[in-house]
Amino acid sequence: MKILALDSSGLVASCAVLEKKENGEEKILALCSTDFKKTHSQTLLPMIDHICEQTDSKAEDFDAVAVAAGPGSFTGLRIGSATAKAIAMAAGIPIIEVPTLLGLAYNFRCEKRLVCPMMDARRNQVYSALYGFEEGKTVIYKDQSALALDEMTEFINSLGNEVVFLGDGVDAYKDEIAGRVKVPYVLAPAHLNRQNAASVAVLASEMYEEGRTVNADDHSPEYLRVSQAEREGAKDFNLT
Amino acid sequence: MSTNLSENKDLLVLGIESSCDETAASVIRGCRTVLSNVIYSQIDIHTVYGGVVPEIASRGHIEKINLVVKRALSEAGVGLKDLDAIAVTYGPGLVGALLVGVAHAKALGWAAGVPVVGVNHIEGHICANFITNPGLEPPFMCLVASGGHSHLVNVSGYGEYEIIARTRDDAAGEAFDKVARAIGLGYPGGPKIDKAAREGDPDAIAFPRAKVRENEYDFSFSGLKSAVLNYLNSCNMKGEKINTADVAASFQKAAVDTLVGHSMQAATDRGVTKFAIAGGVASNSSLRKAFEEECDKRGIEFLRPEPIYCTDNGAMIGVAGSYDYLLGYRSGLDLNAVPNLSIGERKGVFKV
């Protein structure tokens, strides 16, 4: 079983090829990530082409395309989704919609502490969640959502457990975290604190085994937020 | 490769368009024959907001893109691997909306082993004329007028475009939208003003026809729009009843006079023998009629696309892309959206 995994939800564009043998052995055959000046539109597909060439993979060799399906940058999510939908359509394979924040947390899949991925969502909010990985099982303490930083730090304080923070939201709110978090915590080092398609692929492989795939035609990102016009229009037009 | 039609009658090109609020795809055979033309319009969604909301448009595109492309292929009875090329609009337009089509087309081409060529949306509008007028060959002059664009273009050969005039401020369609909103007709303004104007007197109110000093062919519509708004304000202040049909007809006459007047001046000065119109505004009945009459007077052949090819569609992108492909243009896997792409600019393509 072979999965092509993509993540363009944040500043990083990342893609990976995962292979799972019949004996259950999993391997990341290739991984490529870029966090530089170019846009995802310019980097993602050339990287996919590169890792597929390196691993002798063609679109039809894959059993599914996994994509970090949100939350994240609206445009970034759509570049990943459009790419995934087209490849899946051409190859006649399904899509695995990986929740962005759980995919990000999988960078710490064997961590005993709680894991808090956090992305800067602007407008004084973060996209965040809180997970624990206990005896190989994922425990969702707080599902991914758009919320004020305070709400998350208060929740973490109420649990009292040690926490690992990761994601670009940590860079944006480093001082606020230091001021508000009352439990012991660490910040992820640079090689583990950003979206990584290899982590997305490992989570996607589990989801694939559980049959959690969708038809590529039906896939759309999970934005966790309505557009500004709907928010403001809702007031003007009494739509709510 | 040659652009000779008889040598390329089996060429198959998929055109994908997502620059504004229509998700569209089409399969073109032999550069001009439309095998399918699928358009998913979001207009009802945007009408509530009085105009296109970019984020909502982009969300709509990602939801529908596979369905639209699949239907275009199945209606044409064509498989992905049968295609010679995939053409996609990469500008101008709304960046978030363009990116959905661009990312999709590139990945589709990559997965199916089909070359991709980025197409200029406005050049696509111009090429819609090749569909409705199978005998049309360059050179000809074309007025492209829509909600976002107003250009007078000289098409000297396939893939060769020279801008003769442009608008200095609002696009023609934008002026229609703004005036329609001001007189309570709602969005989209073009067809609503066209309809209301039929009941009104085009000479009831004398609205101005603007001339631009630097380039006598250039258009300007903001002065006309302001004149309409001032007229409405002054009526309201004086407590005079506003005749919506007369305002619509008089405004439309002024806009059409400007578009036709400048176009005919340029066409005459340059000795043009064929004149075409394109874009959403080209389906305005009053504009079509005025062009027909004025071209007839001057012995110029007048051409226009059928209304379905005036609105944003994938067929026009497939046609423009077919010629660009035959001219040797291709795009790389790193093709990006260029929201302010100019006519004739080849920013996202290279020649093989």
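P188(B) sits in the loop between α5 (172–182) and α6 (189–197) of chain B. Helices here are DSSP runs of H or I with at least four residues, strands are runs of E with at least two, and both are numbered from the N terminus. The bond that joins Y187(B) and P188(B) is a cis peptide bond, with omega about -5°. Chain B has a cis bond from G91(B) to P92(B) as well, with omega near -10°. P92(B) is in the loop between β4 (85–91) and α3 of chain B.

Some ground rules. This is a predicted model, where local features need pLDDT of at least 70 and side-chain atom pairs count only at pLDDT 80 or more, while totals for chains, interfaces and linings use all residues. Residues are numbered from 1 along each chain as its sequence is written, and chains are lettered from A and ligands numbered from 1 in the order in which they are written.

Chain B as a whole, then. It has 10 helices and 12 strands. Its radius of gyration is 20 Å, close to the 20 Å that the globule rule gives for 352 residues, so chain B is as compact as a globular protein of that length. That radius is taken over C-alpha atoms, and the rule is 2.2 Å times the number of residues to the power 0.38. Along the principal axes, the C-alpha atoms of chain B fill a box of roughly 65 × 45 × 35 Å. Of the 352 residues, 57% count as buried. Buried means 20 or more other C-beta atoms within 10 Å of the residue's own, exposed means 12 or fewer, partly exposed is in between, and the C-beta atoms are placed from the backbone.

Now the domains, whose bounds come from an automatic or database domain assignment. In chain B, domain 1 is 5–130 + 309–351 and domain 2 is 139–305. Their C-alpha centres lie 27 Å apart. Contact means that two C-beta atoms, placed from the backbone, lie within 7 Å. By that rule, 18 residues of domain 1 of chain B are in contact with 24 residues of domain 2 of chain B. On the domain 1 side, the elements that give two or more residues are α1 (43–47), α4 (121–132) and α10 (314–326) of chain B. The largest share of that side, 6 residues, comes from α4(B).

Chain A is also assigned two domains: domain 1 (2–99 + 195–229) and domain 2 (101–187). The C-alpha centres of these two are 23 Å apart. Their contact takes 16 residues from domain 1 of chain A and 13 residues from domain 2 of chain A. On the domain 1 side, helix α7 (residues 197–209) of chain A gives the largest share, 4 residues.

What about the contact between the chains? It takes 29 residues from chain B and 30 residues from chain A. On the chain B side, α2 (54–76) and α3 (95–112) are the elements that give two or more residues. The largest share of that side, 12 residues, comes from α3(B). By class, the chain B side has 19 nonpolar, 5 polar and 5 charged residues. Ala, Val, Leu, Ile, Met, Phe, Trp, Tyr, Cys and Pro count as nonpolar, Asp, Glu, Lys and Arg as charged, and the others, Gly among them, as polar.

Next, the core. A nonpolar core is a set of buried Ala, Val, Leu, Ile, Met, Phe, Trp, Tyr and Cys residues joined through C-beta atoms within 7 Å. The largest one has 196 residues, and those with the most contacts inside it include I87(A) and I86(B). Which element gives this core its largest share? That is α3(B), with 13 residues. Leaving aside neighbours within four places in sequence, I87(A) is in contact with L4(A), A59(A), V65(A), A107(B) and A111(B).

Helix α2 of chain A covers residues 74–91. Of its 18 residues, 17 are buried, so α2(A) is largely enclosed by the rest of the structure. G92(A) follows α2(A) and has a positive phi, near 65°.

N124(A), with phi about 60°, lies in the loop between β6 (114–120) and β7 (126–134) of chain A. C31(B), with phi near 70°, is in the loop between β2 (22–29) and β3 (33–41) of chain B. Which is buried and which exposed? N124(A) counts as exposed because it has 8 C-beta neighbours inside 10 Å. C31(B) is buried, with 24 other C-beta atoms within 10 Å.

Technical notes. The expected span of a helix is 1.5 Å times one less than its number of residues.
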